[in-house]
Amino acid sequence: MAPARSAQLEDALHRIFEGGKNTRASWFALTGGETLFAEGDPADTLYLLRSGRLGVFRREANDQPPQFVGVIRPGEPAGEMAMLAGGGHTADVVALRDSEILALPRDAFFEAARTEPDLMVELSRLMIQRARDRRSGGGEPSVFGFISARPRPIRAFVERVAAAIEADGFTCEVIDHSALTSAKEWFSRVEDAHDFVLYVAEMDEPVWAALCARQVDRVFVVGQCLLAPPNRPLPHAGVLDAQRRTDLILLRDPRMARPANTAVWIDSIQPGRWLQAVEGDAADAARIARVVTGSAVGVVMSGGGARAYSHIGALRALTEAGVPIDFVGGASMGAIVAAGPAMGWSQEELEERIRSSFVKSDPLSDITFPMLAMSRARKVERLLKDAYGDVDMADLARPFFAVSTNLTTGRIEVHRRGLMRQAMRASIAIPGLLPPIVLDRQVLVDGAVLKNFPAEVMRQMTSGPIVGIDMSEARGVDPDLIEHPPSIWRLIATGAWKRGPPIVSILMRSATLTTDADLESSRAATDLLVQPTPDGVDIRDWKAYAPAVDAGYRSMREALATLDGPVTGLRRQRALSAAAPPETAVGTASESLRPHVGGRPQKAVRRARRGTPAA
């Protein structure tokens with residue numbers, strides 16, 4: 001939803017930009033995809049957006065796509081923070097669509113500001129608001145395009161998504177090709193009058209589809225699972241492609257048990273994300289609606305050896321509380337558990353599979369002479385093959401990622417495509433315990449080595465609330481075991497040799513340690529953080545299933561009990577609280593940021609209008 005705009009600020013900006021004949025402001029236009037200014041450029045100008053939309057993007061390290069920061073809408077300034085600070089710009093600002101802009105030199109702004117005593121105060125409030133938006137998820141897109149890439153119409157699917165958005169208390173408008181002849185001002189009015197606007201273009205409407213691609217903040221290409229992608233280029237907006245803001249939705253027949261053929265579509269569309277949905281399924285339409293409204297829940301899990309059984313208990317508590325799991329991912333053993341929801345397993349099936357593969361099987365019992373590692377990993381590989389077969393990660397029911405550590409490049413490797421079992425094998429390859437795996441000539445080991453709690457990776461996938469289950473600081477090595485290690489004969493006599501000697505605990509714990517700075521950054525990316533403490537559970541004690549699961553269940557139950565509303569509303573609650581002026585209560589916020597009742601925004605007075613728009 002758009003943040004509340006200050007009438008005092010708008011009036012003051014209008015006066016200094018357009019209010020008199022002596023203004024030094026100049027007018028120019030940007031076409032969609034053009035850059036207004038880039039990170040590092042000198043901030044010697046204040047800009048005012050008259051029409052169109054601008055997107056703010058912050059560049060990421062390690063060749064990651066730019067991070068979306070927020071949207072600048074008509075009537076709002078751009079570049080004010082860096083201009084007032086006198087430094088360079090700290091982000092890229094790009095036209096999301098054709099835009100008209102006024103520019104005022106820095107010295108002219110300060111000269112004009114002397115006659116506007118409230119201007120600096122209002123600008124300061126705006127800067128604080130935008131800083132809060134970046135932390136709380138405010139300023140997210142509200143205009144989306146659904147462009148069909150299949151012969152069958154998608155209008156009914158988009159209508160179901162819109163209905164789910166309205167059921168969550170928002171206003172939503174679906175606009176189709178009948179608006180093609182409407183004036184530009186009409187589009188702006190509709191977008192300002194609704195929380196969300198969904199443009200829908202069928203496959204046989206290329207002119208309208210091209211306009212939709214230029215008009216929206218984010219595009220969904222909608223295809224059919226078993227069909228081939230169109231052999232002609234789809235309408236696209238260069239800026240959305242460059243910023244990885246074109247997503248893929250693949251619909252499939254209800255008779256199909258699981259998705260298929262996704263990799264072909266990914267290669268053709270090159271989307272930033274891909275989502276699966278069953279045709280006509282209300283739950284899947286609601287999930288896409290949560291993605292649109294920024295309330296899709298991502299669950300991210302850390303490594304932790306046997307202590308990571310706690311993730312299972314935490315998932316059980318989330319399931320009992322009715323919390324949807326829309327995105328899921330993790331590192332090391334956290335990735336193994338996270339794969340269950342991604343595969344579409346029920347809670348019962350997940351628990352049974354984990355018990356069979358880890359509790360009953362002693363996965364690390366094939367101890368060998370340590371040429372590359374203490375274990376041959378053959379048993380682990382067989383268990384992974386049994387669990388995942390030849391499933392491609394692109395064909396999972398839920399968006400999923402696992403991370404490994406790339407010893408070749410020295411960076412983390414984020415796995416989202418390829419064989420599931422290979423990604424899992426890489427993510428749990430604890431150095432010294434399991435041999436590294438080589439994929440595409442890259443040597444990969446356990447993801448926990450560099451990123452044990454990959455919450456930032458999840459934040460790149462979803463703007464919605466993130467639930468983090470972090471085992472990074474839970475004790476997993478028994479000091480008595482280190483001070484008084486058992487003899488080899490005792491290990492053999494008791495059968496404890498199957499878990500490996502105490503060095504296994506040391507290697508596993510060393511691989512999951514994280515620097516304070518990295519851990520703080522990862523935890524800051526979450527909206528609900530749970531840190532179970534399975535006391536007495538050794539990191540290599542694969543038989544200690546019940547106490548670890550119970551610790552995770554209790555921790556998540558306690559965390560959920562502290563919330564004022566549903567998990568899906570956490571980001572919206574933060575944005576709403578941040579938007580309220582310090583001297584006013586949240587309940588007095590403007591209509592565009594309606595107060596939440598139990599974490600859900602109140603129904604707006606206006607309703608989404610269906611039918612042919614007037615020109």
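**Cysteines**

Cysteine 212 is buried, with a relative accessible area of 1%; buried means under 20% relative accessible area, exposed means over 50%, and partly exposed lies in between (1.4 Å probe, protein chains only). This is a predicted model, where local features need pLDDT of at least 70, side-chain atom pairs count only at pLDDT 80 or more, and totals for chains, interfaces and linings use all residues. Residues are numbered from 1 along each chain as its sequence is written, and side-chain values use heavy atoms, with hydrogens and water left out.

**Exercise 1.** Is cysteine 172 buried or exposed? Then find how many disulfides the structure holds.

*Solution.* Step one: cysteine 172 has 0% relative accessibility, so it counts as buried. Step two: recall that a disulfide is a covalent bond between the sulfur atoms of two cysteines. Here the test is a pair of cysteine sulfur atoms within 2.5 Å. Step three: the structure holds 0 disulfides.

**Exercise 2.** Describe how the rings of tyrosine 199 and tryptophan 208 pair.

*Solution.* Step one: a pair of aromatic rings is described by the distance of the centres and the angle of the planes. Rings of Phe, Tyr and Trp (its six-membered ring) pair if their centres lie within 6.5 Å; planes under 30 degrees apart count as stacked, over 60 as edge-to-face and the rest as tilted. By this rule there are 14 aromatic pairs. Step two: the centres of tyrosine 199 and tryptophan 208 are 6.0 Å apart and the planes stand at 45 degrees, so this pair is tilted. Step three: check the surroundings. Tyrosine 199 is buried at 0% relative accessible area, and tryptophan 208 is buried at 2%.

**Exercise 3.** Work out why the pair of phenylalanine 358 and tryptophan 542 counts as tilted, and which parts this pair ties together.

*Solution.* Step one: the ring centres of phenylalanine 358 and tryptophan 542 are 5.4 Å apart with planes at 35 degrees, so the pair is tilted. Step two: phenylalanine 358 lies in helix H13 and tryptophan 542 in the loop between strand S22 (528-530) and H21, so the pair ties together parts 184 residues apart in sequence. Helices (H or I, at least four residues) and strands (E, at least two) are DSSP runs, numbered from the N terminus. Step three: both phenylalanine 358 and tryptophan 542 are buried.
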